Every structure is written in C-alpha cells, then in structure tokens.
Amino acid sequence: MDGAHGSARLSGISKSFGAFMANDDISLTLAPGSIHALVGENGAGKSTLSNILYGLIKPGSGSIEVNGKQVSFDSPRQAIEAGIGMVHQHFMLVPTLTVAENIVLGSEQTALFRPLPMRNLERGIVALSRRHGMEVDPRALVSSLSVGGQQRVEILKILYRKARILILDEPTAVLSPPETEGLFGTLRSLAAEGRSIMLITHKLDEVLAVADTVSVMRRGRLVGTMPAAAATKVKLAQMMVGRDVLLRADNPPGESGRVVLSIDNLNYATPDKRRRLQDLALKVQAGEVYGIAGVEGNGQSELLSILRGTRDPEASVSGSIELEGNPLWSLTPDRIAALGISIVPEDRLKNAVIPELGIRENLLLGRHAEQAFHRGFGFDRERLACETERLVSEYDIRYGAEGNPPLSSLSGGNQQKLVLARELERPGLRLLVLAQPTRGVDIGAIEQIHRRIIEARRKGVAILLISSELEEVISLSTRIGCLFEGTIRHEFSEREVLRGRLEGSGFEKEIGLHIT
Amino acid sequence: MTPRNLRPFIPIFSVLLALGLGSVVIAATGTNPIEVYLRMIRSTFGSGYGFGQVLFRTTTLVFAGLAVAVPFRLRLFNIGVEGQLLMGSFAAALCGMALPAGVHPLLGVPATLLCAMAAGSLWAITAGWLKVGYGVNEVISTIMLNFIAQAITGYLLTNHFAVPSTVHTPAMVPGATLPGFDQLLGLSWHAPANLSALLAIVVSSATAILFYRTRYGYTLTASGLNPEAARHAGIDTDARILWAMAIGGAIAGLGAGNLVLGYKHCFESGLTTGAGFMGIAVALLAGAHPVWILLSALLFGWLDYGGLTVNTLVPKELFMIVQAVTILCIISFSAFFRGRPAK
C-alpha cells in the first residue's frame with residue numbers, strides 16, 4: 001500500500017510578529033521516506049515554522065504543498081486531515097485514561113452513545129506499535145507510563161490518524177539514552193514506509209545519528225540545508241551560532257585540595273517507603289569538579305533537596321553529609337547559603353528565579369541576607385544596580401530593554417547565566433552544586449557557562465555537577481561518579497577521565513553501561 | 001492592550017462608565033439620574049455633615065482594604081476581615097470598659113487599640129496556622145471564622161455584657177476614646193468622623209513602605225510570586241504566611257479604632273455593617289496597592305453614604321442595586337481595558 005507516503009514543500013514562508021521576523025523567506029522540502037532535522041538556537045524560528053506547517057499559525061506569505069497539492073490550513077484539524085501529525089514537547093494526554101482511550105480520543109468514529117470497539121482498537125494498536133518497535137500496553141493508564149512511554153502514545157496517536165508527515169519537537173529532551181535509541185529505531189522504521197519526518201532539535205549528535213537531511217536556522221532565516229552525511233558537529237554549530245564555537249571548553253587539569261563535601265552512607269526513602277538514595281557515598285575536593293552522570297530519576301533530585309535543606313520533612317533519611325567537617329543535616333536553606341554553598345537547581349523557573357520580578361531583584365534572591373546589599377530597613381538600591389551592571393557585563397547577559405526589565409523577558413540562556421552569575425559571586429563560595437546547568441540553553445551560551453564553571457574550579461571552589469548530558473559531564477569533570485538507583489555504581493578516577501575525554505564516544509558508551 | 005500612557009486613566013474611565021450604567025438603572029424606574037447624582041454630591045461633599053459621614057465610612061473601609069491587601073501580597077485571600085473586625089471591636093469595647101475611669105488618653109487609647117489589634121490578629125493567625133500546619137485553604141477557614149466571631153460576640157453581648165434591655169455594652173471610659181473632628185477642630189459637622197482617619201492614612205503609608213521599601217517586603221513579594229523559589233532562597237515562607245495573616249488581622253482590628261473608640265464608644269450589635277466584606281472589593285479595585293486603597297475606599301464610602309441621602313428619590317433597595325452594579329462594572333471594566341493576561 002502506498003498510503004504511508006508523505007511529502008511537503010514549503011516555499012518562501014515568512015512570518016513576522018510585530019517588528020520581529022520569526023521566519024524570513026524559508027523554503028524547505030520534506031521528502032518521502034526521509035528524516036529531516038531542523039536545528040537552530042532558541043528563538044531561531046524552528047517552532048514557528050513547524051507550527052505553520054501544522055496549521056497553528058498562518059504564514060504571512062509563502063505557500064505550502066502537501067503531497068503535491070497546494071494547501072492553506074486554518075487550524076490543526078485541517079492539517080491532520082491532510083496527513084500531518086505533530087508530537088509536541090509537552091504531551092497532550094489525559095493521564096486518567098488508558099493508552100487506547102487516549103489514542104482514539106477525538107477520532108472515535110462511532111455514534112455518540114455507542115460503546116467503542118475497544119477490543120479491536122487494542123489489537124490494532126498492539127500491531128501498529130510492534131511493527132515500529134514501540135512496546136506499549138494499550139490497557140495501561142497513561143499516568144502509570146514513563147515519559148518515554150507517554151511519548152510512544154503520542155506517536156501512536158498521530159499514526160492512528162494516518163499521519164504521513166510527522167513533526168517531532170525536541171523529542172529527546174526528556175528521554176534516557178536507551179529510550180532515545182528506541183525512538184530513533186522507531187523513526188527509521190516509520191520513514192522506511194515512506195513517511196516524511198521533521199525532527200526539531202538542538203542536539204547535534206542526534207542529528208548526525210538519525211537524520212538524512214539537516215536544515216539549519218538562525219534568526220528566522222534558513223542558513224543552509226545539507227545531507228547529514230556531509231555535516232559535522234563543528235560545522236553545524238558554526239552555522240547555528242554564526243561564528244566559531246568551542247564545543248568542548250578547554251579544561252586543563254588542576255590541583256585538587258582538601259575535601260570540602262563529604263557524603264557517606266546516605267539513604268533517602270520517600271514517605272511511601274520508596275528508596276531513592278541507597279548508601280550513597282562521595283567526596284568533592286576543593287578545586288575539582290565531581291560529575292554525577294545518570295539518567296534522571298535515579299536520586300538526583302533527592303540529593304539536591306538534602307544539600308539545599310528543602311527535603312520533604314516526611315521522608316526518612318540517614319547517613320552523614322558534611323561540609324568541611326560540619327554536618328549539613330537540619331540546616332535551613334539560609335544557613336546553608338551562609339556557609340558558602342551555592343546551588344543552581346535543575347528547574348530554573350520553578351526554583352531559582354521569580355520571572356515577574358526585575359533582574360536586579362532576581363540577583364538578590366537567595367543573597368538578600370547579605371549585609372553588603374542592605375541599607376536601613378531596605379536594600380541599597382544604587383549598590384544593587386551597580387552590582388547588576390557589573391555581572392551583566394562580566395557574564396555577558398543580554399537583554400533588549402533598558403533599566404530593570406522583568407526576568408521573563410530574557411531568553412532561557414541569559415536567565416541561566418544570571419542564575420549562575422548570582423551563585424558564583426556568592427561571597428566565601430566553597431561549594432557549588434550545579435544541576436543540569438545548561439538545560440535549554442543555546443550552544444553559544446553553553447560555551448560561556450562551561451568556561452565560567454572551569455574558572456571557578458581553578459579558583460579552588462569545590463563543584464558538584466549533576467547532569468544527564470554525558471558530553472557535559474565528560475568535558476567538565478575531574479572525576480565522574482555513575483549514579484544508578486540512588487547509589488554511585490562506579491567511579492572514574494581523574495586519570496581515567498582524562499584518558500576517556502580523548503577517546504570520544506567510546507567513553508560515553510562505557511559510562512552509559514554504568515548508569516542503565 | 002491599551003497604550004501605556006492611557007493606563008493611569010483606566011480606573012477613571014471605569015468609574016464614569018459604571019456611573020453611566022447606574023444611571024440607566026435609575027432612569028428605568030422613572031427618576032432622573034442626574035438629579036440623583038447631583039443630590040448625592042451636594043449632600044456628601046457639599047455639607048460638613050455629609051463629608052464627615054463619608055470620611056467615617058471611608059476610614060473603616062481603608063482598614064478593611066489593607067487587612068485584605070497584606071495577606072494578598074502572599075496570594076492569600078483574607079475573607080475573614082469581618083470576623084477579625086468584630087473580634088477587635090469587641091475586645092476594644094471590653095478593654096475600654098475595664099480601664100480605670102480616670103485613665104489618661106495617651107495610655108488608654110493605645111492600650112485599647114492594642115487589645116483590638118491583638119484580637120483581630122489572633123483571629124487571622126488561626127487561619128494562617130491552619131494553612132501552614134494542615135494545608136487548610138484560607139478562604140474556607142476565614143469564612144468559618146467569620147461565623148464563629150459573629151456567634152461569639154453575639155453570645156457574649158446578649159448573655160454577659162450588654163446593658164440590660166439594650167444591644168450594646170456599657171460605655172467606655174473617656175480616656176479610651178478618640179476625639180471626633182468636631183471636638184478637635186471646633187467644627188460643627190455633627191458627623192462621626194474622628195481621629196482614626198489620620199491613623200488610616202498612617203497605616204496605609206506604613207503598609208506601602210513595608211511592601212515596597214523594606215527587605216521584609218521583598219521576601220513577602222518573593223514568597224507570594226514563587227513560593228518554591230523563595231524557599232530555595234532561604235526565605236521561611238510559612239513564617240511569612242503567619243505574619244502576613246497576623247498583620248492583616250491587626251489592621252482589621254484597628255478598624256475598631258474608628259467604629260468603637262471614635263464613634264460608638266461601646267460594642268453594639270450590627271456595628272460593622274459588613275465593612276469587612278466590602279474591604280475585599282476595596283482592595284481588589286485598588287489592585288491591593290496600599291495607597292490606591294485610600295481612593296478606592298473613598299469611592300465605596302461615598303457610594304455607601306450617598307445612597308442613604310437619596311432615599312427620597314430612589315428606594316433603598318434600588319440604590320443597593322446601583323451600588324453593586326457600579327462596583328461590578330468598575331472591576332470588570334478595568335479588567336477589560338487592561339486586556340486579558342496572555343495565557
């Protein structure tokens with residue numbers, strides 16, 4: 001059957017929001033049977049383009065052809081009818097319904113009060129998922145599925161609607177390495193039947209691993225399209241940013257000193273008796289980066305909450321955790337900060353900033369107790385403004401507006417740089433804990449953030465780096481601990497890490513074995 | 001969205017539009033709305049008595065509005081101002097009764113006000129404690145606490161403290177009362193407006209300073225906007241909740257300064273006339289900004305007393321509709337002009 005073949009041609013698409021050109025004269029062809037990656041920094045216009053193809057946004061000018069026919073969508077419904085399906089970054093599933101119910105939701109094709117032929121549907125879903133290597137139980141509740149499982153349901157949902165052109169927006173952002181592998185297998189199998197797949201991402205490794213064609217966008221323009229086989233990471237990064245980018249920050253070995261943080265026999269069990277940390281032990285020395293590699297959900301959040309003093313009071317914990325011999329147990333977050341511990345949490349918007357407040361007020365957050373900022377009952381506003389200006393220029397934090405714009409007007413990368421600046425500049429900094437420090441941050445900003453981290457290390461700060469990006473852990477860490485199910489399963493010494501850094505993907509695979 | 005330079009006029013447009021719609025209601029009953037509004041203006045701002053009455057009502061509403069605004073800084077809805085005001089008033093009346101007859105006002109007034117604040121505070125902090133300790137929604141708890149306050153004061157009044165065959169407590173000692181403006185300035189308004197009006201301005205300014213100029217205010221703002229981030233930043237958000245409720249309740253209690261110390265000099269059944277509930281609208285119209293609350297309370301106070309002065313032209317029930325329609329319009333018009341917040 002030829003029914004799965006899909007192709008699309010976008011010609012001369014432009015779209016502006018006010019004075020901002022989100023898409024400027026973009027022409028792109030999605031060929032049947034191929035995976036077409038669309039890469040670019042945040043705000044380059046990838047999402048706008050995919051939303052235009054999916055009928056969520058009307059283009060200002062330009063035309064779209066789907067399967068050889070000129071189309072103009074007023075809503076996603078028409079795009080779906082034309083055979084286009086999209087998997088959004090944030091899933092659109094009903095958690096209290098089963099997998100099968102979610103898949104048919106919205107296209108039940110029975111009379112309103114007739115029961116659904118669930119048995120048949122389930123059989124069909126199992127067959128479809130098997131064919132493309134997606135294990136999923138149609139009767140399971142969506143709320144019981146892992147993130148990867150939910151993504152499979154999203155893909156099945158659009159396949160059930162006979163999509164022939166699939167758009168996936170940052171599909172691997174939430175997946176573990178093996179899940180990512182599984183997804184790529186599925187994508188290849190879907191493409192092999194003639195479907196056309198548009199993969200939006202900013203992870204260049206993935207592009208090279210799975211895509212047939214790559215298009216790079218920068219500031220609303222398409223800067224180039226090439227076969228993936230002809231692309232290299234360095235070249236793509238350079239096209240995305242518009243200048244040469246150091247993909248791996250220069251990281252000369254340093255002198256490690258006394259033990260700053262020492263964790264021993266750390267156990268953590270949730271109130272419903274689930275063990276999140278089991279006999280966790282590690283030491284972080286002054287002047288080193290201790291990298292914790294691991295798939296999310298293996299105890300990272302719990303470890304962070306203990307370090308921060310915000311752990312669930314009903315969780316049961318035991319073991320020892322000390323900063324230069326002083327126990328950190330039962331200290332409140334303000335006392336911990338006063339000891340010279342800075343923490344960059346994994347969820348920036350939730351835990352590290354207040355988007356509605358200005359950048360100055362955000363620079364104060366968590367450092368508002370420092371006398372240097374005080375005057376009378378209030379704050380020394382001049383001093384705060386000066387300090388903000390200094391950090392903004394030193395850390396290259398960029399924003400459009402003058403004065404003190406709300407933090408929400410900054411891009412994610414600049415917000416993260418601001419958080420990092422605030423935490424790195426804490427007086428008497430001894431221990432810096434970084435959780436996913438470059439998540440959702442552009443390549444250009446990642447480079448700067450990494451440089452800052454290495455600089456802090458060379459100044460003698462002890463750094464604990466928690467990241468699910470292996471590349472990041474390898475390029476920054478002095479030693480690496482592989483975290484699996486709440487325990488350090490394997491530790492790579494400084495020598496091994498130095499050797500591994502030269503080795504490339506082989507070392508990543510080796511670490512991968514210890515964390516899955 | 002409205003252009004930025006028009007923003008400050010939004011409340012004024014809203015008030016005008018609301019008055020226009022009120023006119024329609026009045027005209028529908030066959031009365032000339034212009035005559036009604038003119039009479040209202042004449043009898044309120046045109047006479048000392050009328051002005052004093054408006055000022056008196058405004059003062060209570062300023063306290064009530066601030067009592068809502070402080071917890072609202074933490075995104076807490078203090079629906080319990082009525083109960084806090086009742087408890088504060090009752091405590092003030094009892095304190096004023098119990099003081100020795102010859103007490104000096106500089107001692108008697110602060111003592112009585114402190115009693116009122118403590119009682120209001122205690123009532124509000126109960127809701128705060130239920131919220132912090134057990135996660136009980138403050139809207140529900142403050143509403144229930146209103147009922148309890150109503151019942152407690154009613155019971156104590158009728159069964160223990162009322163002067164026989166009346167519905168009020170015995171008069172306070174002179175040293176526990178606040179002088180009216182007549183007495184202070186040698187006027188002959190014969191209106192209940194009293195020194196508390198100045199106290200209201202002081203408290204509103206102090207609240208503005210607390211919100212916008214102190215470190216504590218910063219931690220309140222942070223806890224309200226993003227409690228999770230505030231906790232991570234070392235701010236004890238639970239303590240902030242307790243304190244915000246306590247401060248709000250204390251300010252509600254200060255309303256007794258106007259009603260009891262300044263006017264009635266005793267606790268009387270029906271004393272508060274729902275001012276605590278009106279405070280919610282006062283605060284919301286002012287966007288919970290302490291200084292705007294002064295203006296917003298003035299508008300509500302004017303509508304409240306102005307309605308009474310036009311009784312001969314418009315039946316009381318009808319004017320209640322006009323009042324409510326006006327308030328509803330102002331709130332929805334200002335929301336409309338500001339544009340809907342982007343989702």
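In this predicted model, the centres of domain 1 and domain 2 of chain A, taken over C-alpha atoms, are 34 Å apart. The domain assignment places domain 1 of chain A at residues 8–241. Domain 2 of chain A is assigned two stretches, 259–353 and 427–514.

The two domains touch. Domain 1 of chain A brings seven residues to the contact, and domain 2 of chain A brings five. On the domain 1 side, helix α8 (residues 233–241) of chain A gives the largest share, three residues. That side of domain 1 of chain A has four nonpolar residues, two polar ones and one charged one.

Six strands of chain A make an open sheet, in the order β6-β7-β8-β3-β9-β10. Its pairing is mixed.

Strand β9 (residues 213–218) of chain A pairs with β10(A) over six bridges, in the antiparallel sense. Here A:Arg218 stands opposite A:Arg221 of β10(A).

Helix α1 (residues 46–53) of chain A lies across β3 (35–40), β6, β7 (165–169), β8 (196–201) and β9 of chain A. Helix α1 of chain A runs at about 150° to β7(A). Helix α5 (residues 147–160) of chain A also packs on the sheet, where it touches β6 and β7 of chain A. The direction of α5 of chain A makes about 170° with that of β6(A).

The loop between α5 and β7 of chain A holds A:Lys162. Phi of A:Lys162 is positive, near 60°, in a residue other than glycine. Is A:Lys162 buried or partly exposed? A:Lys162 has 14 other C-beta atoms within 10 Å, so A:Lys162 is partly exposed. The loop between β7 and α6 (177–192) of chain A holds A:Glu170. A:Glu170 is not a glycine either, yet has a positive phi of about 45°. With 18 C-beta neighbours inside 10 Å, A:Glu170 counts as partly exposed.

Next, go inside. In soluble globular proteins, nonpolar side chains tend to be buried together. The largest nonpolar core of this model has 141 residues. A:Leu236, A:Val433, A:Ile463 and A:Leu465 have the most contacts inside this core. Where does this core lie? Domain 1 and domain 2 of chain A both give residues to the core, so it lies between them. Take A:Leu236 and leave aside its neighbours within four places in sequence. A:Leu236 is then in contact with A:Val39, A:Leu204, A:Val207, A:Val214, A:Val216 and A:Ala231. A second, separate core has 90 residues, including B:Leu61, B:Leu99, B:Phe181 and B:Leu303.

Turn to strand β21 (residues 479–484) of chain A. Five of its six residues are buried, so β21(A) is largely enclosed by the rest of the structure. Strand β13 (residues 289–293) of chain A runs parallel to β21(A), and four bridges join them. A:Ile292 has A:Gly481 of β21(A) as its bridge partner. Strand β22 (residues 487–492) of chain A runs antiparallel to β21(A), with five bridges joining the two. In β22(A), A:Glu491 is the bridge partner of A:Gly481. The hairpin of β21(A) and β22(A) has two residues between the strands. In this hairpin, A:Glu485 takes a positive phi near 50°.

Helix α9 (residues 300–308) of chain A is mostly covered, with seven of its nine residues buried. Among the buried residues are A:Leu303, A:Leu304, A:Ile306 and A:Leu307, but also A:Glu302 and A:Arg308. A:Gly309 follows α9(A) and has a positive phi, near 80°.

Finish with the partner chain. Chain A puts 22 residues in contact with 14 residues of chain B. On the chain A side, α10 (333–338), α11 (348–351) and β18 (378–379) each supply at least two residues. The largest share, three residues, comes from α10(A). By class, the chain A side has eleven nonpolar, seven polar and four charged residues.

Definitions and conventions: Residues are numbered from 1 along each chain as its sequence is written. Chains are lettered from A and ligands numbered from 1 in the order in which they are written. This is a predicted model: local features need pLDDT of at least 70, side-chain atom pairs count only at pLDDT 80 or more; totals for chains, interfaces and linings use all residues. Domain bounds come from an automatic or database domain assignment. Ala, Val, Leu, Ile, Met, Phe, Trp, Tyr, Cys and Pro count as nonpolar, Asp, Glu, Lys and Arg as charged, and the others, Gly among them, as polar. Two strands pair if DSSP finds at least two bridges between them. Axes are lines fitted to C-alpha atoms, for helices over the stretch in contact, and angles run from 0 to 180 degrees between N-to-C directions. A residue is buried if 20 or more other C-beta atoms lie within 10 Å of its own, exposed if 12 or fewer, and partly exposed in between; C-beta atoms are placed from the backbone. A nonpolar core is a set of buried Ala, Val, Leu, Ile, Met, Phe, Trp, Tyr and Cys residues joined through C-beta atoms within 7 Å.
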